Amino acid sequence: MGFTPLPITAWSAVNALGTTTRDVLASLDAGRTGLAPPPFELPFTTYVGATPDPLPALPPGQEAYDCRLARLGMLALHDVKDAVDRSIARWGARRVAILIGTSTGGLDATELAFRHWVAEGRLPESFSLRTQHGFDALGELYARVTGIEGPTYVVSTACSSSGKVHASAARLIRSGLVDAALVGGIDSLCRMTLHGFKGLGILSEQRCRPFAKGRDGINIGEGAALMLLERDDAHQEPDPLRVHLLGVGESSDAYNMSSPEPQGRGAREAMERAMEQAGMRAEDVDHVNAHGTATQQNDMAESIAIASLFGDRVPVVSTKGYTGHLLGAAGATEGVFAIHALRTQRLPRALGSEELDPEIRIQVPLDGPERRVKRVLSSSFAFGGSNVCLALGIPMERAS
């Protein structure tokens, strides 16, 4: 089925690189990592991508939703709110959807409540499982704050969550149910996630090194990223550099709950389907923002998939060395990084990849080069073999 390119009329990101979109992208351009030792005690060594500043409380009237996850989400919303208001005025509140991805929801709030119960013998009076832990609370909070009245739901497919919502939004717009969608992902740091990845034996004790020789695992990060997808952009601020969602490819490995198919067949299918929707050929792709978690298996399988499509022609960068793995927020965050590359014609420096694994047969640029970038693929792969790839850039008919 044909895919009509959707203009991305606003975007935002907050994470270990900063608590505003401007600060995040400035740190990305400067090649600064946000990875540091955890801000709380753990019985093992690792690095995490924690937001650098205290997170402001929610606005009056929204106290019932207050938790770290919601605070991250509200910071991200701040940078797109004006565009969302214009979208509501253009299309009507019932014609705008909210589609958010998360992996852990408000688990951090529940962990804090449990620690209070252990110490005091009772849960905190302010704790609400439904509004502070429940995944649906994210969408509910955004609807209350923005006034959006269209379909609102939260998707949780682990690390592909906030890539998947782009496909859901495109289907809603294509079906005529809505004209615009606020999409994105949010996840916050919590101890259970870190213990879980430690138990799997894939949590690195140092800063992660995607695609590098001797890489030994991931770092976990936190953050939020949003995009506003619309049927057209005539009512928004004119922007000659407008980036479009050109296609979304999805696939399922059906191979293993925690490991990718070793030859990267699921990853390759997701990229092929994204290009097919976008009407792109392999030679039309100028950059791949890789999932690149820095685990042995993921990086090898992904590199095989990329090499099978592009050889070593296309520059490939994983930005996990800047933010850590943002889990349910990874797809949207790396989509924002891809938008930035398209608008600046400059690729991120491949942090941590300085000593490339000789078995990795793809091009990993180390210097953040300026180059022609018209179309980008941004991939996210999750537990259970849930794969998604976003095609972003200039629609083919506008290409020169």
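## Exercises on strand 1 and its surroundings

Strand 1 and strand 8 (residues 244-252) pair in the antiparallel sense over 2 bridges, where two strands count as paired if DSSP finds at least two bridges between them, and where strands (E, at least two residues) and helices (H or I, at least four) are DSSP runs numbered from the N terminus. The model is predicted, so local features need pLDDT of at least 70 and side-chain atom pairs pLDDT 80 or more, while totals for chains, interfaces and linings use all residues. Residues are numbered from 1 along each chain as its sequence is written, and side-chain values use heavy atoms, leaving out hydrogens and water.

**Exercise 1.** Determine which residues stand opposite P7 and A10.

*Solution.* Begin with strand 8, in which H244 stands opposite P7. Then turn to strand 7, which is joined to strand 1 by 6 bridges and runs antiparallel to strand 1; there, L228 stands opposite A10.

**Exercise 2.** Explain why strand 1 is described as largely enclosed.

*Solution.* Take buried to mean under 20% relative accessible area, exposed over 50% and partly exposed in between, with a 1.4 Å probe and protein chains only. Because 9 of the 9 residues of strand 1 are buried, the strand is largely enclosed by the rest of the structure.

**Exercise 3.** Find the contacts of I8 beyond its neighbours within four places in sequence.

*Solution.* Apply the contact criterion, heavy atoms within 4.5 Å. The partners of I8 are then M227, L228, L229, R242, V243, H244, L245, I339 and L392.
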